[in-house]
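Hello,

Here is the structure I promised to pass on. Have a look at it first, and my notes follow below.

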Amino acid sequence: MILKLNEITKYFGGIAAVEDVEFEVKEGNIVALIGPNGAGKTTLFNIITGALSPNQGSIIYKGKDMIGNKPFQMASAGITRTFQNLQLFGGMTVLENIMAGAYLRGKKGFLQSFYTLPRKCSEEKRIRTEALFLLEEIGLAEMAELPAAALPFGKQRLLEIVRALASEPSLILFDEPAAGLNIVETETLTNYLKHLKKRTSMILIEHDMETIMEAADRIVVLDFGRVIAQGTPAEIQVNPEVIKAYLGEDEQIA
Amino acid sequence: MKKTTIFGIIILLFILIVSLVVKSNYLFSILIIIGLYAIIVQGLGILMGYAGQVSFGHAAFYGLGAYTAAILTTRYHWPTIAALLAAIILPGTIAALIGRQTLKLRELYLALATLGFGILVFIAFNEGREFTGGPSGISSIPFLNIGSFAFDSDRKFFVLVWAVLALLLLGINNLVHSRTGRALRAIRESEYAAENAGIDSASLKLQAFIFSALLAGLAGGLYAFYITFISPAAFSYHASIEFVLMAVVGGLGTFWGPLLGAAVIVALSEILREVVPLLIPGAGGEYQIIIYGIILILLMVYKPEGLSSLGAVFDRSPKRAEQNTNKQ
């Protein structure tokens, strides 16, 4: 077990954005987080990555309670994320984006950076080689020297995913990685995510049901900030609570 | 190497050789001031252009450096080189102390806090009585010397300042293309994403702030040993604003921006001082400031990314490049 959430509750004003949320992520698993808009999925991501602190509950990651850690501390513990509205370093090149993502893979500080020539530095070479390898793997290597903002949208999504991978995290949170992608790109993404299971565990917010059914090991369904169901994709597909939340009361769904 | 870099280096060498051949003390003094300001603006450029933090208080660090060097040598008879070292360290230490709180502020609030700090230090220089010499300042500061070699002429000092600046340019080029430089740029592009890559943005911003204060202190110390007389007037908030203008005019987040900005602003104020009285007889300093302001507004409207963005042109077309470099 890599991550376990206990009774996570967060209020905004008097309203509970998430309430008593509990679920687990097993090593090498993909857990999909689904639910209607406003169900609290992104709020939960902000809590897990330390951007928001919950009013109540605990986040047990690798056996330790992580409450109170800031995002950069969560990242150095091995939890990172991607964003629904892309947060690329747009003015930097594709390669630099990955190398900045690999910040935790290096040690060189401010002063040392000042007096060592980057070309002469073995750490710099290693990070560059690793970054190029990651780009190669996803087919962005020819674009390495382009500014990230110049890439087409689908490639930008991929780049953000690769940037998150560059720090070699143990858990990545993907916030709607397939949003805005065409069918071909979504399929590539789904295969890539499955391929990543060897390296990292993942939590996935996604609306594209095909991606979820294909890639997820478990699904957690949120509605109005509460977990209304969790289980394998097959179980969730036939769960009456889920059907009710998505399609309304009186519909009959086979 | 990029064409821009090669052109930059050629222009730089050209200026240095011409000035050493011409041996005009006026030219040396202008180039020394440009060099000193460029040192400050280099640091400010890292803070503003890379870490994305603005400071309207850098004349205070510049002044603290100058006063440290002046007081330690005239009153306590420290060796000049040791005083210069102290002139670097003291502003850096003060930046570390005030930075932790100030850098939590954002944008306008940070600008105001640093402006306030600058005014506070300026008042301290004025009201320091015997310690700072009050409004009349401190005179008979010795020349900088290393062993028996004294930097006692404009020419020697010019070589010193530009050698320091050249080393600094090299160091900053290293920094920008290193892990730390990428992290700083990442913070500027998206602080949120940077944090999620494990970058401690608060700590890095503080380090950039301290770094910029160290450089301002260095420039201040050198200034005191060059001018050998200092008074508070040179370190008022006007100077702080000028440094910010130099950084912006040259182009934030660019390699040549700080040097270019310092050169353009210093040259501009020199030219205006000569030209304005010819055009408008009896005109005082206020007319220069007005023209200076108009030029800056035009620049910000038509070239908001700074003058060094003109350099991007040379990477595409070598022919136009030459024209542009000549302009610079």
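A term to start with: a residue counts as buried if 20 or more other C-beta atoms lie within 10 Å of its own, exposed if 12 or fewer, and partly exposed in between, with C-beta atoms placed from the backbone. By that count, buried residues make up 50% of the 328 residues in chain B.

Please keep in mind that this is a predicted model: local features need pLDDT of at least 70, side-chain atom pairs count only at pLDDT 80 or more, and totals for chains, interfaces and linings use all residues. Residues are numbered from 1 along each chain as its sequence is written, while chains are lettered from A and ligands numbered from 1 in the order in which they are written.

Chain B has 15 helices and two strands (DSSP runs, H or I of at least four residues for helices and E of at least two for strands, numbered from the N terminus). Its C-alpha atoms fill a box of roughly 55 × 50 × 45 Å along the principal axes.

Where the chains meet, the contact (C-beta atoms, placed from the backbone, within 7 Å) takes 31 residues from chain A and 24 from chain B. On the chain B side, α8(B) supplies the largest share, eight residues.

Best wishes

Methods. Contact = placed C-beta atoms within 7 Å.
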